[in-house]
Amino acid sequence: MTDSPAHPVPTLNIANVLTTLRILLVPVFIWLLLADNAEHGLFRWLAVVVFAVAIYTDKLDGDLARSRGLITNFGKIADPIADKLLIGSALILLSVLGELPWWITVVILVRELGITLLRFVVIKYGVMPASRGGKLKTVLQTLAIFLYLLPLGTWLGEWAVWIAFSVMLVAVLVTVVTGVDYVLKAVRLRAGARPEAGK
C-alpha cells in the first residue's frame, strides 16, 4: 500500500489573502500621505496607521504561512513584491514632499527593482526566498520610514530628524550589501541548474 500523496497547498489561503490586502493598502496609504501634503495633520497620522497595519500584515502572513504550512510559490513572489510596493511608495512620496534625499530613494529602489527582476529571471532554475539579511534589510527600511512618517520633528525638534536619517543610512548600507548577496546567490543557483538542464 503506497502512501497517499501530500495535499498541495492552495494558493488561496489566509497568508496570501493578507499579502494581497497589503498590496491593496498601498494606494490608500499614498492617498492619505498626499492629502496631508506635508502639513503633519490628521491625514498624516492616518497614513502612519495604514502603514503600520500593512507592515503588521507582513509579519502575520509570514507567521501563518510557516506555522500552518501555507508556503506557496505565489507567496514567495507576492510577499516581497507587496513589501516593495509599500516601501517604494513611501520612499518616493517622502522624497517628493522634500523630507528624504532623493539619492537614498534611488539607491534603494534600484536595488529592490533589480533583485525583483533577478528573481523572475532565475525562477526557472528555482525560487530565491527571502534571506535573513533580506529580512533585516526590510526591518531597517520599515523602521526608518516609520520614523520619517511620524511627525515627531514638529514637537521634538531637529534631533528626531537626525535619528530617522541615521537609521535610514544603516538601512541603505544593509540594502546594498544584501543586494550583492542576492546576485551571488542567483549566479550560484543558475550555475548549479545547468547540469540538470543538459540531461
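Which residues in helix 3 meet which residues in helix 4? Hold that thought for a moment.

First, the ground rules. This is a predicted model, where local features need pLDDT of at least 70, side-chain atom pairs count only at pLDDT 80 or more, and totals for chains, interfaces and linings use all residues. Residues are numbered from 1 along each chain as its sequence is written, and side-chain values use heavy atoms, with hydrogens and water left out.

Now the overall picture. The protein has seven helices and zero strands. Here helices (H or I, at least four residues) and strands (E, at least two) are DSSP runs, numbered from the N terminus. Of the 199 residues, 42% are buried. Buried means under 20% relative accessible area, exposed means over 50%, and partly exposed is in between, with a 1.4 Å probe and protein chains only. Next, contacts, meaning heavy atoms within 4.5 Å. Take those with a separation of 6 or more: 77% of them join residues 24 or more positions apart.

Back to the opening question. From helix 3 come Ile77, Pro80, Ile81, Lys84, Gly88, Leu91, Ile92, Ser95 and Val96. They meet Trp102, Thr105, Ile108, Leu109, Glu112, Thr116, Arg119 and Phe120 in helix 4. By type, the residues of this contact are 10 nonpolar, four polar and three charged. Ala, Val, Leu, Ile, Met, Phe, Trp, Tyr, Cys and Pro count as nonpolar, Asp, Glu, Lys and Arg as charged, and the others, Gly among them, as polar.

How do the two helices lie? The axes of helix 3 (residues 73-96) and helix 4 (residues 102-122) come within 10 Å and cross at roughly 160°. Axes are lines fitted to C-alpha atoms, for helices over the stretch in contact, with angles from 0 to 180 degrees between N-to-C directions. So helix 3 is roughly antiparallel to helix 4, a label for angles over 145 degrees.

Helix 4 itself has 21 residues. Its first and last C-alpha are 30 Å apart, close to the 30 Å expected at 1.5 Å a residue. The expected span is 1.5 Å times one less than the number of residues. Buried residues in helix 4 include Ile104, Ile108, Arg111 and Glu112.

Last stop: His40. It sits in the loop between helix 1 (14-36) and helix 2 (42-67). His40 is not a glycine, yet its phi is positive, about 55°. Is His40 buried or partly exposed? Partly exposed, because its relative accessibility is 27%.

Conventions: Angles under 35 degrees count as roughly parallel, over 145 as roughly antiparallel, 65 to 115 as roughly perpendicular and the rest as oblique.
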